[in-house]
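Colleague: I have a model open and would like to go through its ligand sites and its packing with you. Could you show it first?

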Amino acid sequence: MTQDITRRSFVKGGIGAAAATAALGGGFVSFNSWSAAQADEAAREVKKAHSLCNSCSSKCGFTATVVDGNVMTMKGDEEHPYCDGTLCARGYGYAAVAYSPDRLTHPMKRTDSGTFEAISWDDALSEISSKIRDIIDTDGPEALVLIQDPRPSGSYYTKRFMNALGSPNVYTHGVSCNMSKVSGMTQAIGAGDFNSDVENANMIMFLGRSYADGIRPASLHALQAAHENGTKVVIVDPRHNNSCVYADEWIPIKPGTDLALILAMANVLVSEGLYDQDYIANYTVGFEDWASRLPEYTPEWAEEITGIPAETITRLAHEMWEAAPASSIEQGWRAAFGCAHKNSGETARALCLFNTLLGCWGAEGGAVFYPSVSAGKLSDSRFAAPPAPSGKILGSAQYPLAAASMGVATYALEQIPEGLVKGVIFYQSNCVGGYSNPKQLDEWVRQAELSVAIDIQMTETCLACQYILPDTSYLERLEVPEFVGGKVPVVALRDRVLDKIHPETKPVDEIFCELGRACGVGQYFDFTIDELADAQLKTVGLSLEQLKKDGIVAFNEKTYKPTPKTTWKTPSEKVQFVSEACEKAGFTPSPTWVEPLVMPEDGLFRLVGGKQTIHTHTQTANIAPLMAISEKYALERPWINAAVAAELGIEDGDEVEISSDIFSGRTKIKVTERIEPTSIYLPSHYGRMVPDQHISYGIGLSQMDFVPFQIEPGYGGTMSQEVLVKIKKVGA
Ligand SMILES: Nc1nc2c(c(=O)[nH]1)N[C@H]1C(S)=C(S)[C@@H](COP(=O)(O)OP(=O)(O)OC[C@H]3O[C@@H](n4cnc5c(=O)[nH]c(N)nc54)[C@H](O)[C@@H]3O)O[C@H]1N2
Ligand SMILES: Nc1nc2c(c(=O)[nH]1)N[C@H]1C(S)=C(S)[C@@H](COP(=O)(O)OP(=O)(O)OC[C@H]3O[C@@H](n4cnc5c(=O)[nH]c(N)nc54)[C@H](O)[C@@H]3O)O[C@H]1N2
Ligand code: SF4
Ligand SMILES: [Mo]
């Protein structure tokens, strides 16, 4: 299929662009309004309010200054463990979303002709709830599915709503993010996350994860500090990513082969007896099994697969050992093994076991676990949780290693044509646009008896649904307090910064409370968000009033102190070199080589994704100040290796056609030495094809269009990089 770029608005007159522009008379605060406000000091109404950025999962805390109802400045919280005093560029730029002329402003319903018409909240709630009740009556609550991007209120209310109806089927975006990483690590160490103590390390190795591109400000600050402290930083990535500014070495690798690198480095250390023997004897199980499987994974074997010279692999293994215990392989997040390849889960498992050889768990400069605090049990019976649904989340039998807290959302959607799933609700999720092949997901969602998207702008997911409910933007609502783990754990608040901009939008808490009442489970929603937030804060000795004033409160008494980690939440309470669950799911008891699904050869390339500092997933391409930067620097262009381009007669800036078996699209290309020869890199944030997104429409290509619908065996990830593409110059 070739991209169809005929533009057709799906929103019938009045709603969206025109209405929003009229209501705001402009947009994000302009220099003119700012200087007018300065000039007329006495007339200004100035307030400060605390919030959490909503541009990515980090949800950094900040304080906003609001002048005459416009956000004037935003200052990142010093105490927030992820932001360390500054927001990133997209965090600032994303605030413009509140004022976007493309905001959804009314509930909408798809008509028979495929366009959307405004309907009243009463009609929307009564039609949606009656369909929900019909589905429950005929097929049971398990036929209902909800997919969400975990945010403070979103996580609380979506789970409460679905559980009140009796359905366990609440999914996150994990399948297209870090599901395989979290699930693989859980098999080895009983936890889905750890933190490399980057600043204090002697040596740190990154497999793909790029702090300077997939930004979280505090992580980037730590990398900068490490660089200045003399930490040896090694970046293994098919691309010379932007973190390489702080690195001692860039090791280009063929994507999908990190597991081979880890196995070979482990083999070097184990065969030479270079590992923490005491730690392994006391706090691990199954080491002998792994040790007996490693000898075949020689550095020479790994060189063939990864493209990294054997002597480099041997040297890196030795250097990691010499730097131990103040060394580790960083945990990664998405592109390399979060959900990308057929071996992603096993790569994450092997990574934890390699770190175990180093004896670095809990060591200063090693791999550590920071403390966290959470709200206690609420005594007021109004907040009592609905009974836990009896069944397990749909997909857990088919993908037994997948973290149940995330769930295999794509498997659930695959069940729509099978009749197992009848109704689907999306909250703050562009699942159709970003989780897997969009054409396939769109087709399935359209077959559901009920489909609802709760969003703030028109998206690929909204277009596939029957009903669209407009949320307020994050700047216009109070949410459930957010507890964040870190060296010093904190609780932070997303408070109301702006008054509601569009009268017919509703905040997430109200939407789910009203849906709950309409569905006959109103007894679980008999409180306001202010009451809930206050009750949660009281359990840790705080109050909503205090948090509104302070914005963020640190639990200093819980400050992290380096402590060797000797107990683990695994079945054996030790680090597990062998896992019974993995064996049952068809893997070897300890991790061994798993071939990626596809490997590039004969003029074919693996298509890899990767974040850009100024964009988030699919949600920022329509933000004017952010897309202006992309356009200025032509950031939407894919990358190809310079030597390969020369062979193919492709020059920088040429128009090229990139094709996989299922999709073909055209764009201009960037020719560079910053990528290894078997990969084409496609920046992750472009190729939006929603006509009512007036800024992002039709710019660049979307990675997911090229990738067939597929699921990683056992672990449930989308295998988002298991796709080969051809490339040719247009007209050649
Ligand atoms: N700017 C920005 N920052 C973000 C986000 C965002 O959307 N934009 N989203 C946040 C979220 S939700 C996530 S999950 C994280 C993601 O954070 P990361 O995992 O750091 O993000 P990616 O950019 O997906 O991947 C990082 C690098 O992996 C490389 N890579 C691709 N395939 C492979 C491989 O097989 N092996 C190796 N070794 N490297 C490979 C890519 O070239 C890329 O440079 O970012 C978070 N921060
Ligand atoms: N093409 C592409 N696909 C990707 C990625 C990518 O970078 N590019 N990244 C992958 C990764 S790492 C992840 S974590 C997932 C993320 O997948 P998602 O969690 O679906 O994230 P987004 O694609 O950013 O879509 C978020 C949606 O939330 C909406 N939204 C924003 N603010 C609000 C709000 O206040 N209320 C409501 N109700 N909605 C709101 C946005 O308009 C958007 O439609 O995507 C994965 N898939
Ligand atoms: S990392 Fe940037 S975009 Fe993400 S929450 Fe923090 S400031 Fe916002
Ligand atoms: Mo993610």
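**Ligand sites and cores**

Modeller: Around ligand 1 there are 34 residues, among which Arg209, Asp237, Asp258, Lys611 and His615 are the closest; a residue counts as near a molecule or strand if one of its heavy atoms lies within 4 Å of it. This is a predicted model, in which local features need pLDDT of at least 70 and side-chain atom pairs count only at pLDDT 80 or more, while totals for chains, interfaces and linings use all residues. Residues are numbered from 1 along each chain as its sequence is written, chains are lettered from A and ligands numbered from 1 in the order in which they are written, and side-chain values use heavy atoms, with hydrogens and water left out.

Colleague: Which atoms of Arg209 and Lys611 lie by an oxygen atom of ligand 1?

Modeller: For Arg209, an N or O atom in the side chain is 2.7 Å from an oxygen atom of ligand 1, whereas for Lys611 a backbone N or O atom lies 2.6 Å from an oxygen atom of the ligand. The protein buries 99% of the 910 Å² that ligand 1 exposes when taken alone, with areas from the Shrake-Rupley method and a 1.4 Å probe, where for residues only the protein chains shown count as cover.

Colleague: And what comes nearest to ligand 2?

Modeller: Asn430, Gly434, Asp455, Thr618 and Ser684 come nearest, out of 28 residues around ligand 2. A polar backbone atom of Asn430 is 2.8 Å from an oxygen atom of ligand 2, and a polar backbone atom of Ser684 is 2.7 Å from a nitrogen atom of ligand 2. Taken alone, ligand 2 exposes 910 Å², of which the protein buries 99%.

Colleague: Switching to packing, how many residues has the largest nonpolar core?

Modeller: That core has 61 residues, and Ile189, Phe354 and Leu357 have the most contacts inside it; a nonpolar core is a set of buried Ala, Val, Leu, Ile, Met, Phe, Trp, Tyr and Cys residues joined through side-chain atoms within 4.5 Å. Helix 8, residues 258-271, gives the most to this core, with 11 residues; helices (H or I, at least four residues) and strands (E, at least two) are DSSP runs, numbered from the N terminus.

Colleague: Last one: is Ser543 buried or exposed?

Modeller: Ser543 counts as buried because its relative accessible area is 17%, and buried means under 20%, exposed over 50%, and partly exposed in between (1.4 Å probe, protein chains only). Ser543 sits in the loop between helix 19 (529-538) and helix 20 (544-550).

Terms used. A polar contact is a pair of N or O atoms within 3.5 Å; within protein, one must be able to donate a hydrogen and the other to accept it, and residues adjacent in sequence count only if both atoms are side-chain atoms.
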